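Dear colleague,

Please find below the structure that I am handing over to you. My notes on what was found in it follow directly after.

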Amino acid sequence: MAGTSTTVDLGDLRARRGADVRGQIFLVLLVASVILAFAMVGAVFYDVTLDAWDIISQRFWDFLRMPSSSDPTKAGVAQGIRGSLLIALIVVATFPIGIAGAIYLEEYADDTWSTRLIQVTVRNLAGVPSIVYGLLGLAVFVQSLRGLTGGSSVIAAGLTLAVLVLPVVVITSAEAVRAVPPSLREGAYGLGATQWEVIRTQVVPAALPGILTGTVLAVARALGEAAPLLVIGAAGFYTTGNLDFLEQTQGAFTALPMNIANFARLPAETWRGHAAAASVVLLVLVFIVNLVAIIARARISKKLGR
Amino acid sequence: MPTLASRAWIAGIEVLLFLVLSLGFALAEYFVSGLFTDFGPSNFWLAFVVLAGWNAWHFAGSQTALGAAAGHYVLTLDGEPASVLTTAVRQLIRFGVLYGIPVLAIDFDLRVGLLVWLAVAVVIRSTPAHRAPWDLAAGTILASDIGPPQGLAPLPVVRDAGDLRLDPRRAKLDRRASRLMFLAGLTSVVISALIVWNIFTEAWTFVADDEFSWGILTDRGWFPRDGEFDLSTLFVGTLWITGIAMLVAGPVGLGVAFYLSEYASPRVRGMVKPLIETLASVPSVVLGLFAISFIAPEILQRIFDDIGIFSLLAAGIGVGILTVPIVASISEDAMRAVPMELREASYGLGGRKVTTALRVVFPAALSGISAAAIVGISRAIGETMVVFIAAGGNGVFNTDPVDQGQTITAAMASLGAGTDQVAGSGLAFQSLYFLGALLFVMTMLLNIVSDVIVRRFRQVY
Amino acid sequence: MQMTEPTTRIETNATVRERDPVAPDPSSEVFAVRDLNVYYGDLRAVADVNLDVYERQITAFIGPSGCGKSTVLRCFNRMNDLIDIARVDGSVRYRGIDLYDAAVDPVAVRRRIGMVFQKPNPFPKSIYDNVAYGPRVAGQKGNLDEVVEQSLRNAGLWDEVKDRLDDSALGMSGGQQQRLCIARAIAVNPDVLLMDEPCSALDPIATGRIEELMKEIQNDYTIVIVTHNMQQAARVSDRTAFFTAELDESTGQRRGRLVELDDTGTIFSNPSDERTEAYVTGRFG
């Protein structure tokens with residue numbers, strides 16, 4: 001084998017350590033922004049909990065059960081919790097309209113300019129600022145339909161927020177319906193199912209996890225909205241006392257976000273703790289709603305899959 | 001297939017087990033609900049629903065020791081482990097559903113409770129399409145279709161066209177459903193029409209009013225009760241808030257998007273993304289509170305000497321934090337929509353990750369990223385509560401971000417917070433709608449632009 | 001079973017041939033297609049098709065991609081109705097009844113004329129519920145155990161799945177899934193089975209089983225199968241139709257056209273059209 005030996009120049013295939021300074025800087029910047037985003041999340045939760053700690057540790061149960069009061073040692077958010085729960089209930093009750101609307105757009109409507117116009121409108125309605133929905137609520141539910149809602153009542157608030165989240169429900173449900181594989185529909189049609197039967201037995205069950213996620217996002221959003229309530233005349237503070245669930249539908253009402261806004265805007269610093277404690281309650285409520293959705297979603301997916 | 005005798009045994013044992021268990025739970029429920037009664041009578045139902053749900057859950061998963069034991073017991077009775085076990089579990093699920101009803105009534109009257117339970121049980125059991133007789137509880141044992149089919153009849157062979165019309169009942173149902181869905185779809189159209197109609201007619205009454213002159217829109221200062229409606233005051237505030245918010249949300253959101261789409265492993269992404277998204281579910285009032293209890297005192301007052309608790313800067317940063325997840329998620333979608341082949345082409349030419357990200361992915365995703373920015377801006381313009389709480393709400397014309405200021409939304413909120421007084425005081429009430437119309441037009445335009453952009457990048461790839 | 005027996009028939013002018021109700025009669029027409037044109041919007045996808053499908057026979061449609069064979073198949077159970085822009089012109093008679101008559105409901109047609117699709121598409125439900133789906137939506141009440149068992153037996157799947165009827169159908173192999181889809185179609189007692197490339201997503205062993213199955217059930221159902229695979233058509237079918245895609249000079253669009261339909265043996269050994277010969281000998285397509 002002696003004689004000619006060919007040398008192939010492989011060049012330098014070793015990783016160039018340290019050469020990629022730009023890449024390193026870029027990565028550091030990216031990681032820094034992620035850390036900053038985390039820090040924001042952390043700071044919000046840390047600060048709110050810290051501010052709320054006095055009330056949480058000393059009189060949390062009391063805080064949950066007491067109505068609003070001008071005495072900081074007695075004031076609580078019982079009315080707000082009830083108001084928020086009732087509002088959420090009304091919002092949930094209107095979900096079928098949004099879901100059915102989404103099914104209409106995806107399954108029934110022909111692809112015409114009017115359908116497309118509706119789709120664009122709904123998408124854009126989702127981006128209209130929430131306070132504008134407050135104006136709608138004020139004009140329609142508080143004034144025009146006073147006989148039905150009793151004016152600035154929790155019912156008017158619930159309906160206003162229901163309208164507010166309707167586009168979100170329609171959009172997410174429509175996306176879930178669109179994601180159902182066409183082969184499922186074909187299979188069912190091929191066996192002699194009517195359109196309604198195909199929707200009821202195939203499309204809706206398959207889209208349910210996605211619909212659920214959308215509706216839960218909607219409930220969470222409705223729980224946290226304050227601006228529209230402000231416009232339709234929710235009270236931040238009232239002293240009619242600890243009203244019953246049913247009694248509360250009649251007149252003055254408040255909701256947790258209104259409590260928070262009210263506490264936060266009071267000039268005396270002592271009320272900051274109340275605002276923070278109310279925020280904790282609201283965050284826990286939103287968290288529970290999300291948790292319920294996650295569990296339900298997992299169960300449905302399991303049932304659908306294997 | 002289990003024999004008739006073993007079926008009878010299984011059914012008998014199941015019924016006994018269910019009776020014992022439901023009685024036990026009902027009693028427990030009765031005493032436990034006592035704890036809740038001091039909430040007032042109206043909360044009793046809440047207590048009931050919570051407890052019944054909890055019980056049904058346990059039943060359904062057969063997570064109780066008794067449930068598990070029951071499954072095993074039934075198992076030993078029959079030779080087919082798999083099918084009997086699944087049957088047992090399904091049985092328990094059905095009991096869980098059934099269980100809710102006796103409890104409901106037992107709390108008031110034992111006899112009524114049993115009657116209701118029996119009625120529901122009969123209804124459930126007689127529903128069609130249950131698979132096996134032993135799938136149901138004891139009642140079914142009396143039914144005639146017991147026992148495995150003895151020698152299956154072959155499926156009928158069809159050799160004619162038959163009736164090619166649809167069963168009128170099904171056709172009617174189909175038509176009704178489609179009409180109902182159409183009505184639901186119509187609702188959303190009606191609502192959008194209502195919003196537009198209502199806001200613009202009310203806004204028109206503002207402009208058409210005798211007291212209105214274009215001059216009141218330009219006298220410095222926003223004091224609606226004094227008839228001063230200077231829009232530039234609000235525009236300056238809105239511009240500052242939006243600008244500051246985008247300065248915060250733009251870089252952070254984009255950085256997060258780049259990291260998630262180009263660098264993060266699926267595992268890391270699975271952990272980081274939900275955490276960022278929790279930020280999206282934080283209500284804006286809470287961020288308003290955060291702005292005055294943390295951002296202003298802990299950060300801004302250490303940097304600026306003469307800044308108060310309330311300032312445009314603090315509010316802007318608060319709004320920015322709220323906007324981060326929106327910018328991040330839309331830009332990430334856009335980056336992930338960039339086809340892998342483009343990246344591979346860049347790597348194939350010896351491009352580094354950073355080069356690929358900045359020279360290939362970024363330009364390809366640029367339209368989507370600008371859509372994210374536009375949606376972010378639209379959100380920032382429309383954000384109300386953070387500004388209402390943290391910007392001070394002072395109607396004096398001001399161009400200094402470390403001072404207090406007023407935005408379009410916060411001005412509306414201030415007007416709204418005193419709705420009752422507003423109603424009678426000249427143009428103030430109508431100005432609310434005038435601002436609403438302004439806001440509506442601005443955000444709608446931004447949304448439409450971003451929508452068009454997003455559609456386009458979806459179509460390209 | 002509380003199924004109401006079909007009592008009324010839609011009035012037609014066509015004469016239905018006399019036939020022995022029990023023995024298969026190869027000369028009786030199940031489908032008679034005359035001057036069929038199918039349009040998708042402005043595009044004419046299928047042009048001037050005339051063909052007959054006979055009872056208790058397997059008729060195969062072969063031809064290159066885009067030749068309209070699936071489109072024609074989907075006219076037989078009006079699946080084309082589901083596409084907004086599709087328009088059908090000409091007549092498709094099913095046992096003498098015009099399928100596109102205003103009085104004919106597509107849902108009722110699909111119950112009579114079942115379909116198996118290209119990709120196995122079991123519902124995300126249990127095996128049992130998949131088979132019971134058709135009878136249930138048709139309003140069949142009571143215990144469906146027998147129907148399910150017999151359908152699964154007919155589809156040759158019973159022994160493999162009898163112990164796991166409650167398991168999800170998505171956990172089965174592709175071939176099993178496709179046989180489940182056949183069982184599902186059989187469960188509604190159809191007269192005809194349409195198969196749209198039923199084996200294109202399956203491996204050769206699974207394909208073999210489906211082909212066996214088709215032979216076994218041939219005595220009970222009239223079968224029309226679309227296939228890309230010429231060997232498959234040669235193996236299973238009694239009659240074969242060859243479609244091709246031709247260029248329309250005036251519009252520049254490609255459209256499907258039926259070249260010839262004959263006994264499978266004739267098509268593969270002695271076709272009358274040279275395009276068919278070119279295709280079956282592998283010189284084109």
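A residue is called buried if 20 or more other C-beta atoms lie within 10 Å of its own, exposed if 12 or fewer do, and partly exposed in between, with C-beta atoms placed from the backbone. By this count T399(B), with 13 C-beta neighbours inside 10 Å, is partly exposed. T399(B) sits in the loop between α14 (385-390) and α15 (408-417) of chain B; helices (H or I, at least four residues) and strands (E, at least two) are DSSP runs, numbered from the N terminus.

Residues are numbered from 1 along each chain as its sequence is written, while chains are lettered from A and ligands numbered from 1 in the order in which they are written.

On confidence, pLDDT is the predictor's confidence in each residue, from 0 to 100. Chain A averages 81, and 84% of its residues score at least 70. Within chain A, the mean is highest in helix α8 (residues 182-190), at 91, and lowest in helix α11 (residues 245-248), at 52. Where pLDDT is low, the predicted coordinates should not be read in detail.

Chains A and B touch through 75 residues of chain A and 74 residues of chain B, two residues being in contact if their C-beta atoms, placed from the backbone, lie within 7 Å. On the chain B side, helix α6 (residues 168-208) supplies the largest share, 20 residues. That side divides into 45 nonpolar, 23 polar and six charged residues. Here Ala, Val, Leu, Ile, Met, Phe, Trp, Tyr, Cys and Pro count as nonpolar, Asp, Glu, Lys and Arg as charged, and the others, Gly among them, as polar.

Helix α1 (residues 21-65) of chain A and helix α8 (residues 266-280) of chain B have axes that come within 9 Å and cross at roughly 45 degrees. Axes are lines fitted to C-alpha atoms, for helices over the stretch in contact, and angles run from 0 to 180 degrees between N-to-C directions. The angle therefore makes α1(A) oblique to α8(B); angles under 35 degrees count as roughly parallel, over 145 as roughly antiparallel, 65 to 115 as roughly perpendicular and the rest as oblique. Residues in this contact include F38(A) and M40(A) of α1(A) and L275(B) and I276(B) of α8(B). By class, the contact of α1(A) with α8(B) has nine nonpolar residues, one polar and no charged.

Chain C holds ten helices and ten strands, and 51% of its 285 residues count as buried. In chain C, helix α3 (residues 127-137) packs against helix α4 (residues 145-154) at about 110 degrees, with the axes 9 Å apart. α3(C) is therefore roughly perpendicular to α4(C). Y128(C), V131(C), A132(C) and P135(C) of α3(C) meet V147(C), V148(C), S151(C) and L152(C) of α4(C).

Finally, two backbone angles in chain C may interest you. Most residues other than glycine have a negative phi. D48(C), which is not a glycine, has a positive phi of about 50 degrees and lies in strand β2 (residues 43-54). R56(C), in the loop between β2 and β3 (58-62), has a positive phi near 55 degrees.

With kind regards

Methods. Predicted model: local features only at pLDDT ≥ 70, side-chain atom pairs only at ≥ 80, totals over all residues.
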